[in-house]
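Hi everyone, thanks for coming. Have the picture open while I talk, and stop me if a word is new.

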Amino acid sequence: MNFKAKALTVLALTALLLTSCGSPVESSPSVSVPSIDELPEKTAEVNVHSADAPSAEMDIDINGTDDENIVTAASDTYDSSYYDENGEKMDFSFTVDYDEEFFEDDLFIGDSISTGYSGYGILNEKNVFAKIGLNPLSALDTEVTTVNGDMILSDAVSLAAPKRAYVMLGSNGIDWLACSNMLDAISGIVDAIHDASPETQIICLTIPPVTKEYDDANEELDVMDKIHDYNSRLAQLCDDKDIQCIDITTMLEDNEGYFVDYYAETDGMHFKPTAYKMILTKIQYTLS
């Protein structure tokens, strides 16, 4: 091909390219992206006033975390919103912040409520001296199954020589035993612990509240009034004996002074796992 023919071919190709470049290009549809301020806030809402309210076997999911998997080592805050029996929205927030090692050498003494510390795996069995049905009047003479065998309280304390001993007794008996009789027994329990292990720090815990349903079911007694009376006199007893009394009752109460359903088992008295973790947090905070 001669030079003239080549030149014509180049010109033809150039013209063809220019014609193609001039064709309109179809535009893509526009997409609107919301700003951060426009994004909806995600909240965890749990309805616990229905008959399907969770029990210990199926605990409330807080921010997508099963209660039994809550980490208890370092300041984790959980928020929840739920509705009470009147359909009113109630907001609760709590911080679980305790160290299991803090309680490594301690002993929790109590009734069926206290069995939950080891029953739920929150504390080691060696840290718990508790039995279903135990009350202040029976605590000294009743044998309890421990990791070291069946033994009464004074023997268990003597053998363990705990750094701290926490006494929470009275819930089992609040319905039928006189406060004065229970407190006299608590005084004897404190003395027995001191005699068995003089270096042990003894701390009494107030007994927890009950739910409104539990209180209403007892037509002959205002249970919460008696609990508050018992706890007030327990605090005075501890002051007289120069030992510490830690209030774990108030933080478990709702605005009306009853056990918050969120922490309470369906019987209105026993604890869901979260309540134990809150109590341990309160104890460590108070003693640290």
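So, H4 crosses H6 in a right-handed way; a crossing is right-handed if the near helix is turned clockwise from the far one by less than a right angle, and left-handed if anticlockwise. What I'm showing is a predicted model, where local features need pLDDT of at least 70, side-chain atom pairs count only at pLDDT 80 or more, and totals for chains, interfaces and linings use all residues. Residues are numbered from 1 along each chain as its sequence is written, and side-chain values use heavy atoms, with hydrogens and water left out.

Back to that pair. Helix H6 covers residues 223-240, and its axis is 10 Å from that of H4, at an angle of about 35 degrees. Axes here are lines fitted to C-alpha atoms, for helices over the stretch in contact, and angles run from 0 to 180 degrees between N-to-C directions. Helices are DSSP runs (H or I, at least four residues), strands are E runs of at least two, and both are numbered from the N terminus. Who touches whom, with contact meaning heavy atoms within 4.5 Å? On the H4 side we have, among them, Met182, Leu183 and Ile186, and on the H6 side, including others, Tyr230, Arg233 and Leu234. The residues of this contact split into 7 nonpolar, 2 polar and 3 charged. For the record, Ala, Val, Leu, Ile, Met, Phe, Trp, Tyr, Cys and Pro count as nonpolar, Asp, Glu, Lys and Arg as charged, and the others, Gly among them, as polar.

H4 (residues 179-196) has another partner: helix H3 (residues 153-160), with axes that come within 8 Å and cross at roughly 35 degrees. Leu153, Ser154, Val157 and Ser158 of H3 meet Ile189, Ile193 and Ala196 of H4. That contact has 5 nonpolar residues, 2 polar and no charged.

Now a loop. Asn127 sits between helix H2 (116-119) and strand E4 (128-130). Is Asn127 buried or exposed? Asn127 counts as buried because its relative accessibility is 4%; buried means under 20% relative accessible area, exposed over 50%, partly exposed in between (1.4 Å probe, protein chains only). A polar atom of its side chain lies 3.0 Å from the backbone oxygen of Glu104.

Last stop: Pro273, in helix H7 (residues 273-287). Pro273 is buried too, at 5% relative accessibility. Its C-alpha is 8.0 Å from that of Ile122, 151 residues apart along the chain.

Overall, there are 7 helices and 9 strands, and 43% of the 288 residues are buried. Okay, over to you!

Definitions and conventions
Polar contact = N/O pair within 3.5 Å; in protein donor to acceptor, adjacent residues only side chain to side chain. Contact = heavy atoms within 4.5 Å.
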